[in-house]
Amino acid sequence: MATIQNKLGEPVSDELALVRAAKDGDDAAFEELVRRYDRNVFRIAQHITQNREDAEDVVQEAFLKAYSNLAKFQEQSKFYTWLVRIAVNEALMKLRRKRPERTVSLDEDIKTEDDSLPREIADWSPNPEQQYTQAELREILSKTIQGLPPGFRTVFVLRDVEGLSTEETAAALELSVPAVKSRLLRARLQLRERLGRFFQRRENGDKSVSGDGTR
Amino acid sequence: MKCSEFLHELTNYLDGVIDEPTKMELENHLSWCHNCYVVCDTTKKTIEIYRDSQLYELPEDLRSRLRSAIMKKCQQHKKRPPESA
């Protein structure tokens, strides 16, 4: 089985040099860090908030917070991991403001071990994503991940979409490694089950499900 | 190995962080348990589909607008007198 590739296409070897230059007041160095990670922060923020405007705000607030607290960055972790932690907190704060009636935290909706056990086993069609246009597929993926509790989708996006290691994810979310693994397993299984509504192999080969995937 | 034990190890298996004896046990289970094979295979596809989806890409025009706004706010922050501790 292939391991999950990192989405950060660029080398990180000179990240520390950029961080140190930015600490010394070199704004061009900080702008380079923005250029390097803005797409990642945006993707993470939109996965958590599920709202484009909120994600734009989170990108701005996270980088501004990083800039103004740069002196406090101890260089014991990667700058990117530190930035992700700031961005996740900003994104969760957005969610809390929008849903004040509910507590939004990474510990939310953590039920028993059994709640993710597969109920639907049916196999998928080969290359199921090709049954849909790009726009349809994005809609399906977006709606499907939206249905997960924030704590699950945050772990999933950091590990499986952004390619952070389990340890980096744990550090960014201030969770233990076993907690990350447990949430990741359940996030993956729940997404699999929900996507199955769209991707299941059908006897007559059609893809006739109702728009929201319910049956 | 029971199916529940297989599922418990699924994430480690998919991430390739598993010792050789456990891996062999899991693959032995997969060779006869069709349900676990399907769950494993479709979970792997789920991860790949999300990873390759380019969901929430940042368009270039929005990207440069955001970057300008960030740098402008940083400049404003710099000009502010330092906060007392």
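In H3(A), the buried residues are A:Ala55, A:Val58, A:Val59, A:Glu61, A:Ala62, A:Phe63, A:Leu64, A:Ala66 and A:Tyr67. A residue is called buried if 20 or more other C-beta atoms lie within 10 Å of its own, exposed if 12 or fewer do, and partly exposed in between, with C-beta atoms placed from the backbone. This is a predicted model, in which local features need pLDDT of at least 70, side-chain atom pairs count only at pLDDT 80 or more, and totals for chains, interfaces and linings use all residues. Residues are numbered from 1 along each chain as its sequence is written, while chains are lettered from A and ligands numbered from 1 in the order in which they are written.

**Helix H3 of chain A**

- Helices (H or I, at least four residues) and strands (E, at least two) are DSSP runs, numbered from the N terminus.
- H3(A) has 17 residues and spans 24 Å from its first C-alpha to its last, close to the expected 24 Å; the expected span is 1.5 Å times one less than the number of residues.
- The buried residues of H3(A) pack against H2 and helix H4 (79-98) of chain A, and also against helix H4 (60-79) of chain B.
- An α-helix has 3.6 residues a turn, so residues three or four places apart point the same way.

**Contact between chains A and B**

- Chain A contributes 42 residues to the contact and chain B contributes 32 residues; two residues are in contact if their C-beta atoms, placed from the backbone, lie within 7 Å.
- On the side of chain A that touches chain B, two or more residues come from each of helix H2 (27-49), helix H3 (52-68), helix H5 (134-146), helix H6 (150-161) and helix H8 (177-199) of chain A.
- H2(A) gives the most to this side, with 11 residues.
- This side of chain A has 21 nonpolar, seven polar and 14 charged residues; Ala, Val, Leu, Ile, Met, Phe, Trp, Tyr, Cys and Pro count as nonpolar, Asp, Glu, Lys and Arg as charged, and the others, Gly among them, as polar.
- The predictor gives the complex an ipTM of 0.88 and a pTM of 0.84.

**Domains of chain A**

- Chain A is assigned domain 1 (15-98) and domain 2 (125-199), with bounds that come from an automatic or database domain assignment.
- The centres of domain 1 and domain 2 of chain A, taken over C-alpha atoms, are separated by 22 Å.
- Their contact takes 13 residues from domain 1 of chain A and 13 residues from domain 2 of chain A.
- On the side of domain 1 that touches domain 2, H2 and H4 of chain A are the elements that give two or more residues.
- H4(A) gives the most to that side of domain 1, with six residues.

**Chain B**

- Chain B has four helices and zero strands.
- Its radius of gyration, taken over C-alpha atoms, is 24 Å, whereas a compact globule of 85 residues would have one near 12 Å; the globule rule is 2.2 Å times the number of residues to the power 0.38.
- Of the 85 residues of chain B, 24% count as buried.

**Confidence**

- Chain A averages a pLDDT of 83, and chain B averages 91; pLDDT is the predictor's confidence in each residue, from 0 to 100.
- In chain A, pLDDT stays under 50 over residues 1-6 and over residues 205-215.
- Where pLDDT is low, the predicted coordinates should not be read in detail.
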